[in-house]
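This report goes through a single model, from its backbone to its side-chain pairs. The sequence and coordinates come first.

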Amino acid sequence: MVKVGCCGFQKAKREYYRHFSLVEIQQTFYQPPQLKTAERWRREAPHNFEFTIKAWQLITHPPSSPTYRRLTTKIKNLGKYGFCQSTMEVHEAWQVTKETARALGVRWIVFQCPASFTPTREHIKNLQKFFAKIDRDRFLFAWEPRGKWDKEVVTRLCQELGLVHCVDPFQSLPITAGKAYFRLHGRGGYRYRYPADDLQKLQDWCQEYSEVYCLF
């Protein structure tokens, strides 16, 4: 099965629903919506429409990240946010992400880590503790590491923690099998338009997996 959608609504919702049955919500990364808003989005969408979301940046990104400029929640104890730390603050951010996911009827949650989240012992330990503690419910977790991570380390962590390796396949193919979650950032930038031969390559790659989500 291959499902195709966009990272965010690229058109008015009613128009988008005519063409796609999948969207990855970006707002949940910057500042999650109120639950009543998420519930309204679910009600307004077609019955067979699917939402995926990005986990809140308070879990994965430190406050030094420029993405915090779009955060409206006031936070204190800045050193206790981001990098999947075992802190009450990160745990509370996960609870918000989880409640939003439930309101939207989500299966997939994407954990996008910044390039500064390098494969140090501390970061690896953080990752192991975080995914060992949180309530997985029925969710599927896609992990998108940025920066330089050794393939053997990524393989071990994905197997150990039950994660799907999230990638842009035009940069590198995932090391996990079965299910795949592709985030296509554009070859050289977000304005890139994929020609027919690129889309043929993407279709060929999709044949290697039992279930593929392609988000442009």
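In which loop is F83 found? F83 is found in the loop between helix 4 and helix 5; helices (H or I, at least four residues) and strands (E, at least two) are DSSP runs, numbered from the N terminus.

The model is predicted, and local features need pLDDT of at least 70, side-chain atom pairs count only at pLDDT 80 or more, and totals for chains, interfaces and linings use all residues. Residues are numbered from 1 along each chain as its sequence is written, and side-chain values use heavy atoms, with hydrogens and water left out.

**Backbone in the loop**

Most residues other than glycine have a negative phi. F83 has a positive phi, near 60 degrees, and is not a glycine. With a relative accessible area of 18%, F83 is buried; buried means under 20% relative accessible area, exposed over 50%, and partly exposed in between (1.4 Å probe, protein chains only). C84 lies in the loop between helix 4 and helix 5 as well. Its phi is positive too, at about 55 degrees, although C84 is not a glycine. C84 counts as buried at 1% relative accessibility.

Eight strands form an open sheet: the 8 strands have the order 6-5-4-3-2-1-8-7, with parallel pairing. Two strands pair if DSSP finds at least two bridges between them. The edges are strand 6 (164-165) and strand 7 (179-183), each of which pairs on one side only. Strand 1 (residues 2-7) and strand 8 (residues 211-215) run parallel and are joined by 4 bridges. L215 in strand 8 is the bridge partner of G5.

**Helix 6**

Helix 6 (residues 121-133) has 13 residues. From its first C-alpha to its last, helix 6 reaches 18 Å, close to the 18 Å expected at 1.5 Å a residue; the expected span is 1.5 Å times one less than the number of residues. Its buried residues are H123, I124, N126, L127, F130 and F131. Seen down the axis of helix 6, these buried residues fall within an arc of 155 degrees, so they line one face of the helix. The arc is that of the directions from the helix axis to the C-beta atoms. R121, E122, A132 and K133 are exposed on the other side of helix 6.

What do the buried residues of helix 6 pack against? Their partners are helix 4 (57-60), helix 5 (88-104), strand 4 (108-112), strand 5 (140-144) and helix 7 (151-161), where contact means heavy atoms within 4.5 Å.

**Nonpolar cores**

A nonpolar core is a set of buried Ala, Val, Leu, Ile, Met, Phe, Trp, Tyr and Cys residues joined through side-chain atoms within 4.5 Å. The largest such core has 46 residues, and F51 and I109 have the most contacts inside it. Helix 5 gives the most to this core, with 6 residues. Not counting residues up to four places away in sequence, I109 touches I53, A55, W94, T97, A101, F139, L140, F141 and A142.

**Salt bridges**

Side chains of opposite charge can pair when their charged atoms come close. The structure holds 13 salt bridges, each a side-chain nitrogen of Lys or Arg within 4 Å of a carboxyl oxygen of Asp or Glu. The table gives some of them.

| Pair | Distance, N to O |
|---|---|
| D135 and R102 | 3.2 Å |
| D137 and R102 | 3.0 Å |
| R146 and E144 | 3.6 Å |

D135 and R102 meet in a salt bridge. D135 lies in the loop between helix 6 and strand 5 and R102 in helix 5, so the pair ties together parts that are 33 residues apart in sequence. D137 also meets R102 in a salt bridge. This pair links distant parts of the chain, with D137 in the loop between helix 6 and strand 5 and R102 in helix 5, 35 residues apart. R102 is partly exposed, with a relative accessible area of 43%. D135 counts as partly exposed at 36% relative accessibility, and D137 counts as partly exposed at 43%.

Is E144 buried or exposed? At 4% relative accessibility, E144 counts as buried, while R146 is partly exposed at 30%. A network of salt bridges links E24, E144, R146 and R183.
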